[in-house]
Structure formats: structure tokens, C-alpha cells
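Dear colleague,

I am handing over the structure below, followed by some notes on what was found in it. Please read them with the structure open beside you.

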2 protein chains.
Amino acid sequence: MFAIGTVERDTGISRDTLRIWERRYGFPTPGRNNKGERVYSAEQIQRLQRIRRLLDQGFRPGKVVPLEDEALNKLANTLHDLLLSPTDMDPTHIRLIDLASSGDIPALNAALEQLLAQEGLSSFVLDTFAPLTKAVGELWAAGRLQIFEEHILTRHLVRFLDVAMSRVGHPPGNPEVLLGTLPGEPHALGLLMAEALLINSGRATLNLGTDVPLDEIVTAAERSGVSTVALSFSGCYTRNTIRDDLEELAERLPRAVRIWIGGDGVRRLRRLPPSVEIMSLESI
Amino acid sequence: MFAIGTVERDTGISRDTLRIWERRYGFPTPGRNNKGERVYSAEQIQRLQRIRRLLDQGFRPGKVVPLEDEALNKLANTLHDLLLSPTDMDPTHIRLIDLASSGDIPALNAALEQLLAQEGLSSFVLDTFAPLTKAVGELWAAGRLQIFEEHILTRHLVRFLDVAMSRVGHPPGNPEVLLGTLPGEPHALGLLMAEALLINSGRATLNLGTDVPLDEIVTAAERSGVSTVALSFSGCYTRNTIRDDLEELAERLPRAVRIWIGGDGVRRLRRLPPSVEIMSLESI
DNA sequence: AATTTATTTTGTCTAGGACAAATAAAACTT
DNA sequence: AAGTTTTATTTGTCCTAGACAAAATAAATT
């Protein structure tokens with residue numbers, strides 16, 4: 001049995017939200033310990049994680065949280081069929097995904113190495129690596145991957161790109177593009193793919209990685225003299241303040257600095273500050 | 001001006017703690033917006049971050065939170081002098097730290113490459129990389145590094161070890177040791193060093209990375225059939241439940257599986273379950 | 001079909017108190 | 001003097017129930 005703080009950490013759903021879901025939707029239904037505090041069962045946590053994944057895919061709490069286990073499974077399956085229908089997928093990708101979901105990391109690495117050698121870094125990132133990343137995310141959303149499997153895969157993908165970039169070598173000169181994600185955004189692969197493309201086209205980068213407070217981005221941009229700040233937002237970025245953050249960033253950065261944003265989390269955004277531009281990997 | 005949620009994210013101090021510090025120690029002293037909600041200035045956030053670093057070093061809130069800016073600076077300086085007195089340090093390390101804190105990444109990489117070639121991976125990790133990591137942490141704790149500088153350094157160190165490991169290649173066969181950190185622990189370098197030493201001695205590993213829920217560790221250990229689970233805890237692991245977590249882990253893992261724990265966060269621990277063993281990098 | 005306006009949904013924040021785990025200090029024993 | 005147990009202090013997490021605004025959807029208008 002787990003306390004609310006543990007559930008918050010393991011599911012990424014805040015205490016406040018957990019309590020208010022209980023009041024509004026009748027789920028979760030924690031028991032109480034002798035202190036009167038909520039205690040959650042492992043099953044409820046698992047269901048919360050499944051709900052979380054569906055929310056990340058764009059569903060709304062009111063339609064998902066009250067659902068029973070069965071209905072939830074059905075929804076996840078529908079999603080799975082929708083997203084991962086093998087008919088319209090490249091057979092090479094299907095093979096990679098099979099290797100990934102079977103956990104055969106050495107074979108996956110070998111296959112990736114071969115594709116990298118054939119296609120060159122830029123095409124590899126755009127045509128192979130990015131779709132594979134997307135597929136992993138969708139497998140995960142559909143509940144076809146355990147959390148630990150997703151961890152392992154992501155780690156290996158990160159390592160693979162790191163090694164590939166180290167072969168190209170870092171372009172000389174001052175960095176032109178600063179990369180990072182805001183606090184609360186843990187996904188680094190989008191940044192890494194962007195960095196690989198930039199490096200491969202001869203532009204020096206400064207990758208701050210994930211979870212960088214806004215004022216540190218400003219300081220880093222000023223110090224390093226970059227001309228562009230690139231931020232990545234995945235679908236799971238729940239913070240409701242992206243627009244405010246971007247406005248603040250645009251205001252505090254030196255005038256000449258452009259802001260690029262990308263990732264699944266930016267689709268819903270409208271009315272951006274003038275210096276902010278939505279970028280895709282292809283347009284780098 | 002920033003809301004309490006933002007401050008929580010950027011400082012890692014929970015809302016509840018922020019409110020209770022205000023009540024008990026008279027700091028922080030946020031203003032209020034028109035909704036009656038707390039708003040924190042950038043200066044207060046900076047001071048909170050400095051306080052956080054001192055707490056990570058083992059200071060207690062009652063002695064640190066009420067301090068004025070001046071006293072805080074003084075304490076940080078004393079700490080800096082204490083931890084990083086150059087007299088008792090290897091000149092090679094001093095040079096590396098200089099390169100690191102000056103932000104000259106290419107030069108740092110070159111120096112690391114040279115030392116790696118000279119010493120071999122195991123000695124390099126133990127005698128160069130680990131002390132450098134520690135020094136970076138201490139520079140950061142003493143306020144000598146900006147957050148973004150620490151981010152950049154850490155990223156490059158991770159990348160460097162990843163590349164070094166990829167040269168050694170992954171040992172064949174089933175993994176023997178599973179590595180990971182529990183939710184709330186973001187530092188991956190300890191794991192990575194352990195992994196490098198294991199790989200270099202021919203033992204296959206399975207690195208789950210950071211922030212892995214406990215039940216996922218159990219599942220992963222069962223599926224992969226490892227004989228050891230290795231967890232890393234840095235000084236900033238504030239979760240008060242390490243012992244409970246370890247007890248639960250020991251109970252749920254297969255009997256034959258040993259648990260290794262390491263890192264700065266385990267020094268304070270006593271009365272561990274019988275299958276749990278405190279390990280240092282040297283003893284791997 | 002594209003804007004504007006109304007309605008619903010949703011997450012974050014507020015208050016002060018309660019409690020136990022963790023740590024430090026004191027008392028005791030060997 | 002060093003180790004162990006007992007007492008006191010410190011500290012973080014959790015509780016309740018309500019309020020409010022931003023985001024998303026539905027409805028109405030141009």
C-alpha cells in the first residue's frame with residue numbers, strides 16, 4: 001500500500017489532482033491507514049499510470065478517469081490498432097520495433113548501425129530514428145511496453161545517438177543553437193535528434209539537456225551568444241503555462257535571439273509571441 | 001514573479017515545505033497576487049536554490065533557512081574552501097576542474113581522452129572520473145557553478161562515458177547486474193560509472209537509468225534473471241523512505257538476488273535488510 | 001467556413017493543525 | 001572513554017473543503 005506522495009512520484013499526477021479526481025470522478029478509491037491518510041493499492045497505481053498515458057495522448061480526464069478496467073483496456077487497444085496499424089508502416093521500421101519490444105538490444109544496435117552506415121546521419125535521424133522514437137512512444141501509450149522496457153529502450157537510443165554524434169565530432173567555433181527542455185519535461189530524445197541534425201550540418205550546439213529552469217536558459221543564452229534557443233515539448237508536458245513561459249522567455253532573451261519549439265506538445269498551441277517559431281526536424 | 005508551483009519545480013522544494021518554512025523560519029517571504037496567492041521574486045528563488053544545495057550537503061533547515069544573504073554566502077564560501085582546498089588535490093584533477101568550470105568542453109574532452117588512453121577504463125573511472133564528478137558536485141554545492149553550467153558538464157560527462165563504454169562493447173550473455181535509481185533521484189553518473197566498471201570486467205549489465213518505480217525494478221529483475229540489483233542514491237535524495245523502499249524491494253525480489261546500494265545518500269543509513277549491501281565503486 | 005461568445009471542464013492554490021519519522025541531545029551502562 | 005538506550009527536538013507530509021481562472025468545448029453569430 002502506497003502513500004499519496006509515492007503515487008504522485010510514480011504516476012506524475014499531483015496530490016491535488018489525485019484528491020480532486022476522487023471527489024469528482026469517484027476514482028481512485030484509496031483506503032485509509034490508522035493515521036487517516038490515503039493508501040493506494042498497486043492495482044490502482046497501475047490503472048492511474050494507464051490513465052496517464054491516455055491523457056498524454058490527448059484524452060480528457062472526464063472521459064477517461066471514471067472508466068472501469070475493461071473499458072480502459074478497450075480504449076487502449078483501439079488506440080493501439082489506430083496508431084500502430086502495420087499496414088501503412090515501412091517493413092524496416094516494423095522489424096526495428098519488433099527488436100525493440102522483444103528486448104533484443106544487441107540486435108537492435110546492429111540493425112541501427114547498419115542503417116546509419118547506409119543512410120548517413122541526417123537521413124538516418126529523419127527516416128529511421130524519429131519514426132522509431134515515435135513508435136516506441138505509441139507502444140508505451142498503448143500499454144504494449146512495460147515502464148522498464150521503455151526505460152531500457154530510451155537509454156539505448158540516447159546512447160546510440162551520442163556515439164553517432166561523437167563520430168561526427170563537434171563543429172568548431174561558438175555555438176549557434178542552444179537546446180533544452182523546461183522543468184517538468186523529461187524527454188531528451190527530441191533534443192538529441194535536433195542536435196544530431198545541427199551538428200551534421202556543421203552548426204555548433206549547446207545542449208543543456210532536460211529540466212532547465214527558465215532563467216538558466218536566459219543566462220546560458222546570454223553567456224554563450226547563441227542566435228537561437230530550441231525547446232522541445234513532448235505530449236506528456238502537462239504544465240499549462242507553455243505560452244506564459246514562452247512569452248517570458250521571448251521578453252527576457254536578447255532581441256536577436258530566435259526561439260524554436262518542437263515536439264508533440266506544441267501542436268495545441270496558438271497565438272505565439274512573434275519571435276517563437278514552430279519547427280519540425282525536417283526543417284532544421 | 002513566480003507561483004508556488006513554479007518554485008517547487010525549479011527548486012525541488014515541495015509546496016508544503018515552502019509554506020511551512022515561511023511559518024516557522026520567516027523565509028521565504030512571498031508577496032501576494034490579486035487572487036491572494038503567493039508570488040516569489042527571482043531573488044528569493046535563487047536564495048532557495050542556494051539553501052537547497054546546502055541542505056543536500058547535510059545542513060539542517062533550522063540552521064540554514066533563517067539565514068540572511070550575507071551569512072549564507074559566508075557559509076557557502078567556507079564550504080567551498082573546506083571541500084575544494086587545492087593543496088590536497090591532484091594537479092591533474094585541478095586542471096580538469098579548471099577546464100570544466102571555464103566551460104572549455106573540447107579541451108576537457110581532449111584531456112579526458114588522453115587520461116582514458118593512459119589509464120585504461122577501470123583506473124580512469126576510479127582515479128579520474130569519479131573525483132571529477134565529486135568535484136563538480138562540490139563546486140555546484142558551493143555555488144561556484146551556475147545551474148546551466150552544471151547541466152552542460154554533466155551531459156558531456158555522461159556522453160563521454162557512453163562513448164567509452166561503446167568502445168569496450170557489451171559483454172555477451174545474460175545480464176548479471178541491473179542498475180537504476182528510484183523515483184526522485186535524477187543523478188545518473190553514479191550508475192554509469194558502476195556500469196563502466198562492470199562492463200570492463202566482463203559482466204553484462206542492464207541499466208534502467210533514473211526514476212524507476214520500485215515495482216518496475218522488481219519486474220525487470222525477474223524477467224532478466226539478474227543476480228544483483230544496484231541502486232544509486234545521491235546526496236540530494238530527500239525521500240525519507242529509503243529504508244522502507246529497500247525493505248520492500250528485498251521482500252519482493254527473488255530470494256537469490258542481492259541488492260547493492262551506493263552513492264552519497266547512503267552514508268546515513270543503518271540497520272539495513274540482510275540482502276542489502278553498501279558498495280563503493282572500488283569494491284566492484 | 002471563420003470568429004466571437006457562452007458554458008463546462010480542469011488543475012492549482014489557500015488555511016492551520018495533526019502526527020510520526022528522523023535527528024540531536026541527554027542519560028545511562030559497560 | 002566509548003557504546004547503548006532514553007528523551008527531546010526538529011522536520012516533512014498529509015488532512016479538509018472551498019475558491020478561482022485558464023483551457024477546452026459547445027453554441028451562436030457574422
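**Contacts with the DNA and between the chains**

In this predicted model, a polar side-chain atom of B:R32 is placed 3.4 Å from a phosphate oxygen of DNA strand C.

Taken as a whole, DNA strand C is surrounded by 24 residues, the closest being A:W21, A:G62, B:R15, B:R19 and B:R38. Of the atoms of DNA strand C that come within 4 Å of the protein, 73% belong to sugar and phosphate. The surface near DNA strand C draws its largest share, six residues, from α2(A), and its residues comprise eleven charged, seven polar and six nonpolar.

Turning to the two protein chains, chain A and chain B each bring 37 residues to their contact, and the area buried between them is about 3,300 Å², with carbon and sulfur atoms giving 54% of it. Eight salt bridges are counted between chain A and chain B; one of them joins B:R159 to A:E195, with the closest N and O atoms 3.0 Å apart. Across the interface of these chains, 13 residue pairs are in polar contact. On the side of chain A that touches chain B, α9(A) gives the largest share, eleven residues, and the residues of that side divide into 15 charged, 13 nonpolar and nine polar.

With best wishes

Technical notes:
Residues numbered from 1 in each chain as written. Chains lettered and ligands numbered in written order. Predicted model: local features only at pLDDT ≥ 70, side-chain atom pairs only at ≥ 80, totals over all residues. Heavy atoms only, no water. Contact = heavy atoms within 4.5 Å. Buried area = accessible area lost by both parts, 1.4 Å probe. Salt bridge = Lys/Arg side-chain N within 4 Å of Asp/Glu carboxyl O. Polar contact = N/O pair within 3.5 Å; in protein donor to acceptor, adjacent residues only side chain to side chain. Helix = DSSP H or I, 4+ residues; strand = E, 2+ residues; numbered from the N terminus. Nonpolar A, V, L, I, M, F, W, Y, C, P; charged D, E, K, R; others polar. Near = heavy atom within 4 Å.
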